[in-house]
Amino acid sequence: MLHKTFREAPAEADLPSHQLLIRAGLIQALAAGLYCFTPFGWRVFRRIENIIREEMDRSGAQEVHLPALHPIELWKQSGRDQLMGLTLFRLTDRRERGFALGPTHEEVISYLASRTVQSYRDMPITLYQIQTKFRDETRPRGGLIRLREFTMKDAYSFDASWEALDTSYDAAFEAYERIFSRAGVPVMPVAADSGAIGGKDSQEFIFISDNGEDEILICGRCGYAANSEKADLRKPPPIASDPRPIEKVPTPGATAISDLVEMLGVEAKQTAKAVFNVADGKPVFVVIRGDLDVNEVKLKNVLKANELEAMDESTVISAGLVAGSASAVGLRGMKVIADPSAVEGANLVAGANEPDAHFLNVNHGRDWTADLVADIALARPGDGCPECDSTLESRRGMEMGHVFKLGTTYSESMGVEFVDVDGSRKPAVMGCYGIGVERLLAAVIEANHDEDGICWPAEVAPFDVHVVVLNQDEDAVAESLSALESSLSDFGLNALIDDRDESPGVKFKDADLMGIPVRLTVSPRALGKGGLEIRDRTTRDQDIVPVKEAGTRARDLLAQH
RNA sequence: CGGGGUGUAGCUCAGCCUGGUAGAGUGCUUCGUUCGGGACGAAGAGGCCCGCAGUUCAAAUCUGCGCACCCCGACCA
């Protein structure tokens, strides 16, 4: 096998996985978010793919293959050509028909299922594929962590009821636990936002790592775990008091909650915070209690908005809002969204809608009314756990897989309907389940490496044993190598034979870098001690074994990883 | 899309401030010595200095405009 390793990693590689992927010669960059796989790298890729395939098959899912090129009409039908925006790679054929390169396959699988699923008797069914996705990400990053072209195992379940979906969902969930366990990547299921995919519940399988892109909030006591986009919190109770008359007070220079706390001697939770946003082009006035912050993902979901952004200064001024002294008291012309915390609290301090003044004793229902009250609070590290009396801690993590209870969103828009037992027509209840294969490969390295290189778990290793041959022109070495090769082959072990004309140091360094679990050295020195040297890449334990026992010993060592 | 950074040999980089026609290490080829943790010596090949336009007798170096790549943020099933 032609294979090249490198002494140095390119300067742009920050993550250990990115550096090792390149140094050990698994991948080569082509452009931002695009990589070539070498023969060595592709062997690892295929082993990971095979684990996924085996476990999906074992869970009862059936493999399909869908086109990567999608007629754009399909995306218009679901409404997601708008929702995906610029992330969708778009192109036109010679007849000017519009197409997209598939970033995910809910639409296409629904098309397929709509022709297949006709009766409740046709379900449950879970279909999956391992296929290329295209996403024009604004910022690909981290080597194989975020790509523009990548491989995803995406699975879709179809059920006759929500109860039945729970069973399909659980089956997928268990398959995922087995996949990540076999790949050697420890994961933690966490509650997640379902984002542009939509649907009811979703959970992410997070690999906890400081190099992760996501912030996870976890409770050390009860085990609550959620993506910070989704996490709830136990809010401090409001200060109870009877409504008092509203009163305007001067507050020169006070624009932040901390200013009010200092100037008026109130607690932050006695104040109301105002935030201005624009949701799909419409101004929105957001109110939350002063000791809390707004979670923009929750807000976006509550508003059912595709785009949410902060209001720019000129819009603030033209809307007549006074930044730093704004409140919903007397506000007109825009929707008011409030967190329950701002509604429950009595006698809050809020802006007077004129510079350098605030109202005391503002009460919801009397002085202002929210058009919509919903939880939009951001959980922060140190906040109370929503499920016990402990507090939340922050961790970084990488999203390895995501499982969703989609419901009927796509079956309705794409027409996946069936006839139920009672003869009525219903949309199928869907779930979807995704794993990014390249990202998983990167995580395997993040989770399994040391200062010298990769330490592949046996299940994903590109070869079982790495045979280092020294002084191969000596007859005894050549004979032993030949005996070893047939022994390994008897045990069905894949061997990478390094018989290059290189110095021992170079070969050992390369073996460590490339990370094959078992190293066997055939050399005059080892033969002089009675056989071959066998060495465990991870533990670095080594021993001398007779040539005829090398196959057994290698197999036993592999079984330990 | 905002902020920051980088483009010079296959790779990692120096040279740029102060303009004078290209360097190191590593990798590659050949020869010799070496042979258990990235050995040593010798000889060689290898560059449109990201692109375009200026300034200048002269541009890798100065100026302007692009492009690409990386990092942070926004964004992201």
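Visitor: Over how many bridges do strand S17 and S20 pair?
Guide: This is a predicted model, in which local features need pLDDT of at least 70, side-chain atom pairs count only at pLDDT 80 or more, and totals for chains, interfaces and linings use all residues. Residues are numbered from 1 along each chain as its sequence is written, while chains are lettered from A and ligands numbered from 1 in the order in which they are written. Helices (H or I, at least four residues) and strands (E, at least two) are DSSP runs numbered from the N terminus, and two strands pair if DSSP finds at least two bridges between them. Strand S17, residues 335-338, pairs with S20 in the parallel sense, and the number of bridges is 2.

Visitor: Which residue is the bridge partner of Ile 337 in S20?
Guide: Strands of a sheet pair through backbone hydrogen bonds, either parallel or antiparallel. S17 and S20 pair in the parallel sense, and the bridge partner of Ile 337 in S20 is Leu 372.

Visitor: What share of the 561 residues of chain A counts as buried?
Guide: Chain A has 16 helices and 31 strands, and its C-alpha trace spans about 100 × 60 × 50 Å along the principal axes. With C-beta atoms placed from the backbone, a residue is buried if 20 or more other C-beta atoms lie within 10 Å of its own, exposed if 12 or fewer, and partly exposed in between. By that count, the buried share of the 561 residues is 42%.

Visitor: Which residue takes a positive phi in the hairpin of S18 and S19?
Guide: Strand S18 (residues 348-351) and strand S19 (residues 357-362) run antiparallel and are joined by 3 bridges, with Gly 351 having His 358 of S19 as its bridge partner. Between the strands of this hairpin lie 5 residues, and the residue with a positive phi near 60 degrees is Asn 353.

Visitor: How do H1 and H12 lie to each other, roughly parallel or roughly perpendicular?
Guide: Helix H1 (residues 16-23) packs against helix H12 (residues 437-447) at an angle of about 100 degrees, with their axes 8 Å apart. Axes are lines fitted to C-alpha atoms, for helices over the stretch in contact, and angles run from 0 to 180 degrees between N-to-C directions. Angles under 35 degrees count as roughly parallel, over 145 as roughly antiparallel, 65 to 115 as roughly perpendicular and the rest as oblique. H1 and H12 are therefore roughly perpendicular.

Visitor: Which residues of H12 make the contact with H2?
Guide: Helix H2 (residues 39-58) packs on H12 at an angle of about 110 degrees, with the axes 10 Å apart, which makes H2 roughly perpendicular to H12. Two residues are in contact if their C-beta atoms, placed from the backbone, lie within 7 Å. From H2 come Val 44, Phe 45, Ile 48 and Glu 49, and from H12 come Val 437, Leu 440 and Leu 441.

Visitor: What distance separates the C-alpha atoms of Asp 193 and Lys 230?
Guide: Asp 193 is found in the loop between strand S9 (188-191) and strand S10 (202-208), and Asp 193 is partly exposed, with 19 other C-beta atoms within 10 Å. Not counting residues up to four places away in sequence, Asp 193 touches Asn 227, Glu 229, Lys 230 and Val 297. Asp 193 and Lys 230 are 37 residues apart along the chain, and their C-alpha atoms are separated by 5.2 Å.

Visitor: At about what angle does helix H13 run to S29?
Guide: Strand S29 (residues 518-522) runs antiparallel to strand S30 (residues 532-536), joined by 4 bridges, and Val 518 has Asp 536 of S30 as its bridge partner. Helix H13 (residues 475-490) lies across strand S27 (465-469), S28, S29 and S30, and its angle to S29 is about 150 degrees.
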